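Hi there,

Here is the structure I promised to pass on to you. Have a look at it first, and then read my notes below.

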Amino acid sequence: MLERLTPILLIICAGLLWQRFTPGGLEAAQLRRTINGLNIYLLIPCLILHVLLGSPLPGGYGSVPAVAALVILAALALNTLVYGHLLRPILPGGKGAMILAGSFGNGVGVALPVVIALVGESVGSVPILYTLLASVPLAWTLGVMVALHHTSHALVRPMWQELLRSPPFAAVLIAMTCRETGLIPPPTLAATFEQLGRTALPLVIFVVGLSLNLRGLSRVWQVMPALGIKGVLSPLLALGLGRWMGLEGAMLTALVLTAATSSFNVGIVLSDRYGLDVDLYALAVALSSALYFATAPLWAAWLGAAPPAL
């Protein structure tokens, strides 16, 4: 597991080192905004198109996004209740950031290598299906709505126009329409989607390193409810729903591990774009990542995952 997770940790460390030494005088905040723009307008949409159009989906795949959607919606409701009504001292930008952090997980960037390391490549599609058929569409619809509701930026367009102008959301619509109508992109275009999409993951992880800091440690209490909902309640709910829908064995373990994953890195993109509390969100990513790496082996052991063949 450690060998598979080491590249992710090293990329995050590279972002931290950039914060410290600012090569070429390029400040971390400026670089983060530039990479976020590249990700949101080009690389993430290409990643979505590549994964949804580039490979066949396994039989019975519908249960995974169905469970994922229910888990995410429940987490959104709980986080909205906690941060919207119970923790009033938090500023709107912090509330919006924590609702996102406690609801959406990093399925492809973190859960995928963990699932492969602990369960095996045979269920590697579970984090992808969870993320791209449930988490991504909900993040770029309801997640954007949460960000818009708590934004400090003035909106020049109605919310529905803002949603339709979201490139990742448009990519999901295009990909699912193509799958339903049988349209297949030409090989050259598909290869372009693949190359650009593969570039998105390390850059999103690098942005996490650019955003992490210790300045928010005094506000850990603001993050704790989101950590509990994301890292404990979400996987338990996924376990119950997965069993109810007939999932078992390695697929069920992969589903639970994906539901338990750390806060999604793209939330930093949303927080930065819509004026939410980026520092508080980055603290949630750091703490939820530490919680996930510590508890993922425990979830796998509890559910009886056999070590993957070498």
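**What I found**

Let's begin with a contact between two helices: G107, A111, V115 and L118 of α5 meet A254, L257 and T258 of α11. Contact here means heavy atoms within 4.5 Å. Helices (H or I, at least four residues) and strands (E, at least two) are DSSP runs, numbered from the N terminus. This is a predicted model, in which local features need pLDDT of at least 70 and side-chain atom pairs count only at pLDDT 80 or more, while totals for chains, interfaces and linings use all residues. Residues are numbered from 1 along each chain as its sequence is written, and side-chain values use heavy atoms, with hydrogens and water left out.

Back to that pair. Helix α5 (residues 107–118) packs against α11 at an angle of about 145°, and their axes are 9 Å apart. Axes are lines fitted to C-alpha atoms, for helices over the stretch in contact, and angles run from 0 to 180 degrees between N-to-C directions. The residues of this contact divide into 5 nonpolar, 2 polar and no charged. In this count Ala, Val, Leu, Ile, Met, Phe, Trp, Tyr, Cys and Pro are nonpolar, Asp, Glu, Lys and Arg are charged, and the others, Gly among them, are polar.

Helix α11 (residues 249–259) also packs against α6, at an angle of about 50° and with the axes 9 Å apart. That makes α6 oblique to α11, because angles under 35 degrees count as roughly parallel, over 145 as roughly antiparallel, 65 to 115 as roughly perpendicular and the rest as oblique. On the α6 side the contact is made by V126, P127 and Y130, and on the α11 side by M251, A254, L255, T258 and A259. These residues divide into 7 nonpolar, 1 polar and no charged.

Now for the whole protein. What is the count of helices and strands? There are 13 helices and 0 strands. Of the contacts with a separation of 6 or more, 86% are between residues 24 or more positions apart.

The largest nonpolar core has 99 residues, and M98, W140 and L255 touch the most other members. Such a core is a set of buried Ala, Val, Leu, Ile, Met, Phe, Trp, Tyr and Cys residues joined through side-chain atoms within 4.5 Å. Its largest share, 14 residues, comes from helix α6 (residues 125–149).

Take a look at helix α4 (residues 92–101) too: 9 of its 10 residues are buried, so α4 is largely enclosed by the rest of the structure. M98 is one of the buried residues of α4. Leaving out residues up to four places away in sequence, M98 touches N79, Y83, Q222, V223, A226, L280, Y281 and A284. The cover over the buried residues of α4 includes α3, α6, α10 (220–244), α12 (266–274) and α13 (278–302).

I72 lies in helix α3 (residues 63–86) and counts as buried, at 2% relative accessibility. Its contacts beyond four places in sequence are S103, F104, Y130, A134, S135 and L138. T22 lies in the loop between α1 (2–21) and α2 (28–54), and T22 has a positive phi of about 40° although it is not a glycine.

Happy exploring!

Note on methods:
Buried means under 20% relative accessible area, exposed over 50%, partly exposed in between (1.4 Å probe, protein chains only).
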